[in-house]
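Hello,

Here is the structure I promised to pass on to you. Please open it alongside this email, and my notes follow just below.

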Amino acid sequence: MRKKKCFSYIILCLWICTMFFCTACGKEESKDTSKEVLNGSVESSKETDKVDNDGSTKDTNTGESKLSEELKNDGYGTANKEEENSEEEELQGNYVTVSNPEELLNAIEPDVSIFVNPGYYNLSEYVEEVWKNEGEEWNLKHPYVRLMECYDGVEVMVQNVNNLTITGDAESLADTEIVVEPRYAGVLNFLNCNDLSLSFLTIGHTEYSECAGNVLNFYGCKQINMSAMDLYGCGVYGISLKNGSGDLYMYSSTIRDCSYGPLDLADCEGMVEFRNCIFRDSDGGGYYEENGRSQGAFYECTFGGRETNVWYFYDN
């Protein structure tokens with residue numbers, strides 16, 4: 001009986017040892033498997049890093065790349081550059097160089113800068129021929145320049161133009177001359193124009209004799225800037241402001257040889273200012289109508305004898 005019990009205890013111990021051994025082996029295998037899985041993940045991560053270093057986009061950068069593409073498609077990025085280039089081309093397109101009267105008149109429109117090459121521009125030679133052949137048909141094709149008959153010929157009216165610049169050669173204003181032949185015509189007339197700029201130009205009638213037209217006429221125009229100009233007669237006046245024209249600023253210019261005087265300031269509004277200008281060899285100083293809506297000033301200007309002795313004032 002004792003032998004059987006001993007034998008049973010031995011078998012039980014062997015069974016316990018066997019179970020313990022199997023359990024331990026299972027844990028080792030589990031550890032090894034975990035290590036293999038972990039190593040596999042690490043290796044996989046390393047492989048991904050290698051691919052990224054070779055030039056592929058990471059997940060974080062993929063979002064930035066997609067955002068960049070969306071911005072481009074929405075009109076930003078490259079689209080902005082294209083818009084800037086378009087604006088530069090547009091600005092360049094608004095700068096025009098002319099070499100004859102036809103090109104000069106055809107170039108006049110809002111928001112344009114016209115460079116007049118040195119030369120003698122007899123507007124009458126062109127407009128008289130055009131008026132004879134086309135008449136009002138020419139006016140229909142040119143909304144900003146109108147040809148009008150006067151007593152002894154045809155004159156030019158620039159109308160409804162804003163932000164117009166006409167400039168000659170800065171090195172020698174005498175080399176860029178604009179003239180007309182009719183005695184009753186203004187050389188250039190402006191109607192309802194704003195932000196005008198004229199510089200480095202000589203303007204007058206073809207020869208000195210009795211005139212009934214002015215050199216420059218402004219009707220209902222504002223913000224007129226002139227510099228380095230030479231305006232000469234026989235024009236009755238060098239500059240005439242009518243119909244509420246004003247805010248005229250003239251610098252370093254000459255008005256001379258006019259049959260009545262350099263200035264006709266009737267029914268003008270706003271400031272009329274002259275700086276470092278010369279008024280000489282005309283038959284009088286000019287005409288000024290006091291209306292309470294305008295103000296005039298002369299700074300460092302030179303007046304000839306007749307220009308200081310004879311002024312005509314009209315008081316309502």
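Let me start with Phe279, which is buried because its relative accessible area is 1% (buried is under 20% relative accessible area, exposed over 50%, partly exposed in between, with a 1.4 Å probe and protein chains only). Before going further: this is a predicted model, in which local features need pLDDT of at least 70 and side-chain atom pairs count only at pLDDT 80 or more, while totals for chains, interfaces and linings use all residues. Residues are numbered from 1 along each chain as its sequence is written, and side-chain values use heavy atoms, with hydrogens and water left out.

Aromatic rings

The structure holds 8 aromatic pairs. Rings of Phe, Tyr and Trp (its six-membered ring) pair if their centres lie within 6.5 Å; planes under 30 degrees apart count as stacked, over 60 as edge-to-face and the rest as tilted. One of the pairs joins Tyr237 and Tyr260, and it is edge-to-face because the planes stand at 90 degrees, with the centres 5.8 Å apart. Tyr237 belongs to strand β12 (residues 237-242) and Tyr260 to the loop between β14 (254-256) and β15 (261-265), so this pair ties together parts 23 residues apart in sequence. Strands here are DSSP runs (E, at least two residues), numbered from the N terminus. Tyr237 is buried at 9% relative accessibility, whereas Tyr260 is partly exposed at 49%.

Phe279 has an edge-to-face partner in Phe298, at 5.9 Å centre to centre and 80 degrees between the planes. Phe279 is in strand β17 (residues 278-280) and Phe298 in strand β19 (residues 294-299), 19 residues apart. Phe298 is partly exposed, at 37% relative accessibility. Ring pairs also link these two with Phe274 and Phe303 into a cluster.

Around Asn214

Where does Asn214 lie? Its place is in the loop between β9 (194-205) and β10 (216-219), and at 11% relative accessibility Asn214 is buried. The side chain of Asn214 reaches the backbone nitrogen of Tyr237 at 3.0 Å. Beyond its neighbours within four places in sequence, Asn214 is in contact (heavy atoms within 4.5 Å) with several residues, including His205, Val236, Tyr237 and Ser240.

Two backbone angles to look at

Asn160 is a residue other than glycine with a positive phi, near 55 degrees. Asn160 sits in the loop between β5 (153-159) and β6 (162-167) and is partly exposed at 45% relative accessibility. Ser252 also has a positive phi, near 50 degrees; Ser252 lies in the loop between β13 (246-251) and β14.

Best wishes

Methods:
Helix = DSSP H or I, 4+ residues; strand = E, 2+ residues; numbered from the N terminus. Polar contact = N/O pair within 3.5 Å; in protein donor to acceptor, adjacent residues only side chain to side chain.
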